[in-house]
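Could you walk me through this structure one question at a time? I would like to follow along with the model open on my screen.

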Amino acid sequence: MIRIPPQRGGWLEVVCGPMFSGKSEELIRRLRRAEIAGQRVVIFKPRIDDRYDAADVVSHAGARMRAIPISSVAELLARAEGYDVVGIDEVQFFEPAIVPAALSLADRGARVVAAGLDQDFRRLPFGPVPELLAHAELVDKLQAVCHRCGGTATTTQRLIGGRPAPYSGETVLVGAAETYEARCRDCHEPGEDAVAPAEAA
Ligand code: ADP
Ligand code: MG
Ligand code: ZN
């Protein structure tokens with residue numbers, strides 16, 4: 001397979017996959033290379049994601065790059081002015097308006113690299129990511145290593161106190177730690193209240 005990015009104008013790239021699959025690492029890698037090529041680059045991330053460092057994108061392995069925490073899509077558009085390459089991490093947490101915003105940036109000539117979870121911990125398509133995938137010129141679906149069996153992980157397992165998190169309702173964390181793991185299809189454990197896909201249809 002040969003993949004050639006568009007030779008002129010802007011475009012949209014999406015890097016997706018479960019947690020720990022290397023999305024942030026890949027985003028940083030692509031933007032660093034663009035920086036080396038003398039392009040003006042910027043990374044945005046939603047303000048809610050302050051797990052590591054408020055003003056950096058940080059990968060699980062420690063790679064980091066400066067990022068601007070953003071509260072709204074309007075703010076992102078205003079601050080993206082004048083940049084050649086616009087990275088967006090944790091794009092799944094943005095409101096639906098991120099889709100037309102990313103497209104308008106690409107239309108005005110920017111290279112937009114959006115990284116985020118394609119599925120939530122219930123394995124359902126996550127927020128605006130499915131639409132971004134449909135609009136993108138280039139798509140990469142990364143895989144992680146299953147924490148259970150070492151196989152190919154494509155899902156994110158949410159655990160509360162070490163047990164699969166329920167699929168519905170507000171989860172009250174009473175002293176029980178919330179953790180996440182990458183899991184393969186076989187090892188993914190649904191919440192006890194999960195409805196089988198056949199019943200849900
Ligand atoms: P993402 O942004 O997709 O959550 P990161 O870029 O933050 O991923 O982290 C990817 C890095 O995490 C890998 O290069 C590896 O060093 C580390 N890592 C830790 N656990 C796993 C795992 N289960 N599968 C793959 N990589 C893992
Ligand atoms: Mg990440
Ligand atoms: Zn597994």
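Predicted model: local features only at pLDDT ≥ 70, side-chain atom pairs only at ≥ 80, totals over all residues.

The questions below go through salt bridges, the ligand, some backbone angles and the aromatic pairs.

Me: How many salt bridges does the count come to?
Reply: A salt bridge here is a side-chain nitrogen of Lys or Arg within 4 Å of a carboxyl oxygen of Asp or Glu. By that rule, the count comes to 18.

Me: How far apart are the closest N and O atoms of Arg30 and Glu26?
Reply: Both residues lie in helix 1 (residues 23-36), four residues apart, about one turn of the helix; helices are DSSP runs of H or I with at least four residues, strands are runs of E with at least two, and both are numbered from the N terminus. Arg30 is buried at 11% relative accessible area, and Glu26 is buried too at 15%, where buried means under 20%, exposed over 50% and partly exposed in between (1.4 Å probe, protein chains only). The closest N and O atoms of their salt bridge are apart by 2.6 Å.

Me: Which residues are linked with Arg30 in a network of salt bridges?
Reply: Glu26, the salt-bridge partner of Arg30, belongs to this network as well. The residues linked with Arg30 are Arg3, Glu13, Glu26, Arg29, Arg111 and Asp140.

Me: Is Arg183, which meets Glu189 in a salt bridge, buried or exposed?
Reply: The N to O distance of this salt bridge is 2.9 Å. Glu189 is partly exposed at 26% relative accessibility. Arg183 has a relative accessible area of 2%, so Arg183 counts as buried.

Me: Which residues come nearest to ligand 1?
Reply: A residue is near if one of its heavy atoms lies within 4 Å of the molecule. There are 14 residues around ligand 1, and those that come nearest are Phe20, Lys23, Glu25, His60 and Val145.

Me: How much of ligand 1 does the protein bury?
Reply: Let's start with the polar contacts, meaning pairs of N or O atoms within 3.5 Å (within protein, one must be able to donate a hydrogen and the other to accept it, and residues adjacent in sequence count only if both atoms are side-chain atoms). A polar backbone atom of His60 is 2.7 Å from an oxygen atom of ligand 1, and for a backbone N or O atom of Phe20 the distance to a ligand oxygen is 2.9 Å. Taken alone, ligand 1 exposes 570 Å² (Shrake-Rupley method, 1.4 Å probe; for residues, only the protein chains shown count as cover). Of that area, the protein buries 76%.

Me: Which element gives the most to the shell around ligand 1?
Reply: Two or more residues come from each of helix 1 and strand 9 (144-145). With three residues, the element that gives the most is helix 1.

Me: What is the phi of Phe20?
Reply: Phe20 sits in the loop between strand 1 (11-17) and helix 1. At 34% relative accessibility, Phe20 counts as partly exposed. Although Phe20 is not a glycine, its phi is positive, at about 75°.

Me: What is the angle between the planes of Phe93 and Phe126?
Reply: The whole structure holds two aromatic pairs, that is, rings of Phe, Tyr and Trp (its six-membered ring) with centres within 6.5 Å, counted as stacked with planes under 30 degrees apart, edge-to-face over 60 and tilted for the rest. Phe93 and Phe126 are 5.8 Å apart, centre to centre, in an edge-to-face pair, and the angle between their planes is 90°.

Me: How many residues apart in sequence are the parts tied together by Phe121 and Tyr167?
Reply: These two form an edge-to-face pair, 5.9 Å centre to centre with 80° between the planes. Phe121 lies in the loop between strand 7 and helix 4, and Tyr167 in the loop between strand 12 (163-164) and strand 13 (178-183), so the parts tied together are apart in sequence by 46 residues.

Terms used. Residues numbered from 1 in each chain as written. Chains lettered and ligands numbered in written order. Heavy atoms only, no water.
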